[in-house]
Amino acid sequence: MFDHGGVARAEGLAHDPVTGERAAGGSPAPAPRGGTGAAGLAELAGRVRPTDLARDLRLPVLPALEPLLPGAGLRRGTTVAVAARPGVTGATSLALALAAGASRAGSWVAAVGLGSLGLVAADELGLSLERLVVVADPGRERGGWASVVAALVDGFDVVLVAAGGRLRAPDARRLVARVRERGSVLLAVGGDLPGERSPLRLAVTSSSWQGLGDGWGHLRGRRVAVAVEGRGEAARGRRAELWLPGPDGTVAPVEPVADPIPLRPPGGAAARPAPAEGAGEAG
Amino acid sequence: MAEVTRTLVVWCADWPVVAAGVPLEVPAAVFHANRVVATSPAARAEGVERHMRRRDAQARCPELVVLAHDPAGEARAFEPVVAALEAVTPRVEITHPGACAFPTRGPSRYHGGDEALAERTAAVVAEVLGGRGFVRVGVADGRFAATLAARHRSGNPAVARHPAAWRGRGREAGGSVATTVVPPGGSPAFLAPLPVRELAEPGGPAGPELVDVLERLGVRTLGDLAALPLAEVVGRFGAEGRAAHRLASGLDERLPATAPPPDDLTLAAEIDPPAERVEAAAFVARGLADELQRRLADRGSACTRLVVGAETEHGETHERVWRTEGTFTPLAIAERVRWQLDGWLHAGAHRPTRALARLWLAPDEIVPAGGRQLAFSAGGPGAVDPVEVGERVARSLARVQGLLGVEAVRVPEWRGGRGPAERVGLVPVATTDVTEPRPAARRDHVRAPWPGVVPDPAPATVHDPPLPAEVLDAAGRPVRVGGRGEVSAPPATVALGGPGAGPAAGARRVEVVAWAGPWPYDERWWDPGRHRRRARLQVATAEGAAHLLAVEGGRWWVEATYD
C-alpha cells in the first residue's frame, strides 16, 4: 500500500504508517514503555508527528482515471509514456487528462515541445491554466531539450514533453534519473522517450467520436479504450473505456452495463430515446 | 546594557546591482516578479523606486538597465568579501548577500577600539570591491541599531539633530566608504528619531502591516514606539510587537540564549559519490534541512542562526554562519547551502581542489517556535505551501529563460475569439508574477459572449501554422463553400498534408464518415485590410479521428485535430 521508491521523503515510512494504522484502528495505544524524561518525550513526539503516507508520494488524478493507475495516482519520481496505437488519435487528450488531477490539486504543469497544444482543450479536460507554463520550442540544439526539461523538472510537479522531440538516449536516461531524484512526474506524450522503457505506459487503443451526422450536429463526446501496462506495480495490465471527454465535457468512465439503447418499457414507445446524434458513427 | 551584543554591521549598498557588475553611475534596477527590488543610485536619481513595476520604472527612466534578481549570483559575488573579513574576525554572520555582521567585543580590543575596527573592516571590504560599490560600516549596541547606523550616512538630518546623544563619527574615504560608530549606550538615542518604517525594511523584524498600523496610530518614530509601555504593545501586537518594541528601545530582538543548542541538532551527511556539482550537494542539503526542521519541530524550536559547513575529499573545509530575521525553513537552508557552495567553488585561489564529500548543518541559535514562524506549513513537513511552490516554479522558469530567452517561456491567457487558436493566447511569463493568482488565466476572464464560437469540446491539437488540406466530394471534385454558406457537395474524402508538404502528392487521403458545417465567418467586415471570410467544417474520418477544417479563398486547411 505504500511505496519505498526513491523519494527522499520516504524516509521514516517504515514505522510511520504503522503508528498511523494503530491510531486509526482505535486499538489502545500501548503506554510509553518505561519512557521517562527525554526518551519518553521523544517517543511521544514521534507518535504525534504527521506521517508521510503513500498518498503523499503520488499525485492525484481525475476520479475517472484512478482505476487505471496503480495506487490510484501518478507515482512521484516516475516517467509515464502516453501514446496511441498507430492510426488512432487521443494521446494528447489522455496526457492532458492525466495531468489534470494534480493541476487541480495545486501542482504546476509545464508542457515542453508541444507547440500545437490545444489550450482550450487543456482547460476543458481539467487543467488549471493558471498553473500551466508552455515552452513551445526548446531550441534547435539537441542538448538544449535536455537542459530545459531538467530545469523544469526541478520546479514543476508534472512535465509534459513531446516524446518525438530532440532528445538523445543518454539525455533521456539522465532525465529519467533526475525525475526520480526530484519526485516529479514526466509525461512523455507520444510514447517512450528515446532509449527508455517507461515503467508505466498508457495507450489509446481505439477512439470514436460521437455527435457528428451527415452534414448536421457537432462533435460532442468521444469514447476511447485505454490499455495500461508496465513494470513493477503496473505489471498487471489494466484496460478501461472512457469518455474523453463525455457529452457533458468531463472525463468519465464508460459504464460497462450502459447500453446505447435502453430497454424499452413495456408498451411505451414514448420512452424511446431520440435518435442518438452519433448513431451513424462507427468506431 | 549587558544584554545587548555590541555588533558591527557591514552593508554593501545596492549589492544586487554591484554583484551584477553594473557600474553604479549607470541607471540600473534589479527586478523580481516584475517589481523593482534594488536600484543603482543613478536610477534612484531618475525616480526609480523599490516595489515599482517594470513598466513604470522604464517610463521614468527609458535607458534603465534591467537586471534579473539572482540571489545565487549575489551570494557568489559576496563570498570574497566574507572570506576577506575572516582576517578580521572568525565569526562573520551573513544576513543576506550584501550584508554581514559580527560581535565586536574581541576584535575591537585587538584592533584598538570600535573606530579602528570599523575603519579596518571598511578598508578590507573596499579593497575586495575595488571601487565597484559603496561600503558602509556601522557599530552600535545591538544588531538592529548597527544596521541602521551602517545604512544611514553621517549626513542624515534625522541623526544630526541629536548630536548631544549621538557622537557618531562618519568618515568618508574617496566617497566609497563610510563608517558610523554609535558609542556604547547610545543606541536608544540614535534610534529614537528614525521612522518606524525602518522596522519593515527587508530582513527587518516587522511586517509592513504592523508599521502601517503604528503610523496610523501616530507612532511615527522608533522613539515614539520605545516610549510606549511594553505591556500595552504586547497586548495589542503580540510577539511581533514585542520584538519591535525591544528593537526600538535599542535592545536585541530577544534575550540572548544562555546555553548553546544541544549537539543532537547538528546534522551531517556524507555525500556518496562525492558531489562535483553544487546541485547534487544542495539536494543532500535539502534532505538534511528537512530532518533538521523535523527535529526542531519535535522540541518546539526554530533556528535563526545556522552554521553550514562542507568538506572536500582532500579535507579542505568551508564554514559560514548564516542568519535570518525570521526562522529558517528547509527551503531557505538549502538555498543558503547552494549560495555558499557556489561561492566557494568560484572562489579563485581558495576554491576546493576535489569534490565535496561531507556536509553539515549546525544550528547556532535556536529560539522557541511560534509567533515568528514565517513558513512552517500547517500540514506538517509534507504539506504543500503554495508560496514555496510558486517560488520553486519561478526559480526553475528563470533557468529556462536563461537558456532560451525571455520570450520562449509562456503562460496562457484567455482572450475573446471563435476559433480554438484565438480563445487562449500565450504571453511571456516574464510579464506576470507566478507567485500570485492570475485572473487572466481563468476561463471566466472572458465574459462577453462570442456568437459563432466553435462548439465544445475543443481540439487538443491546434496546428500552428494550419496544415494544408484537400477536401473532395464523392466524384473527386474539390468541395467548395458558396457565398450563402452551403457546400457544393458533401465531402467524401480529405487529404491531410504533413507540415510543409503540399496537399498534392504524397498526402494521405482518408474517407470522411461524418461531417457538420459549414459554419461561415464574416469577420471584421468593417475593416477592409483585415476582413476575412472563412467557413469551418468538422469531419470525422474512417480512422476514428476528427478534424476542424477551415476554408478561405477556396483553399482548405486543417486548423485543428481532435487528438
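**View 1. Strand E7 of chain B and its neighbours.** In E7(B), B:Arg136 is the bridge partner of B:Trp11, in a model that is predicted, where local features need pLDDT of at least 70, side-chain atom pairs count only at pLDDT 80 or more, and totals for chains, interfaces and linings use all residues. Residues are numbered from 1 along each chain as its sequence is written, while chains are lettered from A and ligands numbered from 1 in the order in which they are written. Strand E7 covers residues 135–141 of chain B, strands (E, at least two residues) and helices (H or I, at least four) being DSSP runs numbered from the N terminus. Strand E1 (residues 6–12) of chain B pairs with E7(B) in the antiparallel sense over seven bridges, where pairing requires that DSSP finds at least two bridges between two strands. Strand E9 (residues 177–181) of chain B runs parallel to E7(B) and is joined to it by five bridges, with B:Thr180 of E9(B) standing opposite B:Gly138.

**View 2. Burial along E7(B).** Seven of the seven residues of E7(B) are buried, a residue being buried if 20 or more other C-beta atoms, placed from the backbone, lie within 10 Å of its own. B:Val135, B:Val137, B:Val139 and B:Asp141 point one way from the strand, whereas B:Arg136, B:Gly138 and B:Ala140 point the other way.

**View 3. Packing of helices H13 and H14 of chain B.** Helix H13 (residues 278–298) and helix H14 (residues 330–345) of chain B pack at an angle of about 145°, with their axes 8 Å apart; axes are lines fitted to C-alpha atoms over the stretch in contact, and angles run from 0 to 180 degrees between N-to-C directions. Among the residues that make the contact are B:Ala282, B:Ala285 and B:Ala289 of H13(B) and B:Ile333, B:Val337 and B:Leu341 of H14(B), contact meaning that C-beta atoms, placed from the backbone, lie within 7 Å. By class, this contact has eleven nonpolar, one polar and four charged residues, with Ala, Val, Leu, Ile, Met, Phe, Trp, Tyr, Cys and Pro counted as nonpolar, Asp, Glu, Lys and Arg as charged, and the others, Gly among them, as polar.

**View 4. Where chain A touches chain B.** In this interface, 60 residues of chain A are in contact with 59 residues of chain B. The largest share of the side of chain A that touches chain B, seven residues, comes from H5(A). Between the chains, E9(A) and strand E18 (residues 508–523) of chain B run parallel and are joined by two bridges, and A:Asp214 has B:Trp515 as its bridge partner in E18(B).

Terms used:
Two residues are in contact if their C-beta atoms, placed from the backbone, lie within 7 Å. A residue is buried if 20 or more other C-beta atoms lie within 10 Å of its own, exposed if 12 or fewer, and partly exposed in between; C-beta atoms are placed from the backbone.
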